[in-house]
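Hi,

Here is the model I promised to pass on. My notes follow below it.

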Amino acid sequence: MGRTLYDKIFDAHVVRSRADGTALLYIDRHLVNEVTSPQAFESMRQEGRVVWRPRANLATADHNVPTTDRSHGIEDATSRAQVLTLQENTGATSIDHFGMTHPEQGILHVVAPEIGSTLPGMTIVCGDSHTSTHGAFGALAFGIGTSEIEHVLSTQTLVTSRSKRMRITVDGTLPAGCTAKDVALAIIGHIGTDGATGHAIEFAGPVVRAFSMEARMTLCNMSIEAGARAGLIAVDATTLAYCKTRARAPSGEDWLRAQTEWLALQSDDDAVFDAEVRMDVTALLPQVTWGTSPEMVVDVSGRIPDPIAGGDQAKSTSYMNALSYMGLDAGTPITSISLDKIFIGSCTNGRIEDLRAAAEVLTKLGGRIAPNIKLALAVPGSTTVKRQAELEGLHKIFMAAGFEWREAGCSMCLAMNADRLDRGERVASTSNRNFEGRQGAGGRSHLVSPPMAAAAALRGRFTDVSALFRESRVQP
């Protein structure tokens, strides 16, 4: 029987198998942030342990850093302490650290791929659930807890169990105006936030193959929201073309050997998956979440569903609670929902292609943000992305439309810095989670793609952005 891509990578990294079904897995790359690492470093100091392989680790400050002027430091004491502690811990252990003023600072899941620290066939872990992003490279990448962070720092290994394998095949042709974010939300809406629990998802099919690496990263990033342990995509020419120019990628003879090995990172034709899902996206419309879970999603032409419909008591209760929190009523058209704030950024949608797509919509529609929009943020995922966007003049498009052009960081994705929602405020957000309080206590989050967020900023409400690409003139 053939093997899946997941099994090939897993098997290649097994140091020792155990009778209980767990395995000691070698970890190629460990990504370290300021939020989940302090306890691990402190425990290592108390136990007299040292970092086993410093160069296999990469650290950036991303969750707590301000996205406004950084010359004044960080105002919040807790955030400041976490960022400074990361600087001290990495300095004492010789771990590469891209601090707040580093020219390559940014969100870990944006920075690591763009510098070539993420490469095909790797095992990659981080104390952050959206580490699954790196699976876009044909890598096995997943989030870990604090005690596991300490174990990886100390041994460069991790005790873990093998996941089940799920393949999600995306067929058809993706309509203009729809993105990988829309595909991800549609999948989650179809299988639910627990649909892939216990599984590693391999995304396949013609639509996925046509995606850029940035789009693939978005898709794998969101696999966690379907309950998956990881998301992966097989290596192909697109993967190689992206990796070849990265500073830390192999070169010369090493590159020739590497690309031959990497192209073998495919599931065998006769590989058997524990679960198979197929979805045709030819008729897909842009997606908008309406509730407090990514699975609470409909397309932009839809209405908020009736909590009572379907007869599932647990789901009905969940839907009613979500509607109460969100301040919405069943049957409300998505296009009638008025917004307060707009956020374009995060490890899901803060890459250069995301900013280009949003800027294109701003240019097509023209004008400035609607009067009801209190704040619109455009936040690059890394300082490198920021420089590239400014080189292309994208920042001028955002600022001309009334957006604030910010420094790189996690920003309003989660309420751990100064960028957050006030109670009752509603945001169109390109981030990955719409949980209660995720973007600020009492804040109401609607997940969308960058083009959808840009259109919502100018209209003040949700608008079918795909219509801009279907019609020869802009509709009001």
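R3, D7, D11, R162, R165 and D274 form a linked network of salt bridges (a side-chain nitrogen of Lys or Arg within 4 Å of a carboxyl oxygen of Asp or Glu). This is a predicted model, where local features need pLDDT of at least 70, side-chain atom pairs count only at pLDDT 80 or more, and totals for chains, interfaces and linings use all residues. Residues are numbered from 1 along each chain as its sequence is written, and side-chain values use heavy atoms, with hydrogens and water left out.

Searching the whole structure gives 22 salt bridges. One of them pairs R49 with E150 at 2.6 Å, N to O. R49 sits in the loop between α2 (38-47) and β4 (57-60) and E150 in helix α5, so this pair ties together parts 101 residues apart in sequence (helices are DSSP runs of H or I, at least four residues, and strands are runs of E, at least two, numbered from the N terminus). R49 is partly exposed at 41% relative accessibility, while E150 is buried at 14% (buried is under 20% relative accessible area, exposed over 50%, partly exposed in between, with a 1.4 Å probe and protein chains only).

There is also a bridge between R406 and E404, 2.7 Å from N to O. Here R406 is buried at 9% and E404 partly exposed at 35%.

**A loop residue**

T179 lies in the loop between β9 (164-171) and α6 (180-191). With 18% relative accessibility, T179 counts as buried. Beyond its neighbours within four places in sequence, T179 contacts L174, S449 and P451 (heavy atoms within 4.5 Å).

Cheers
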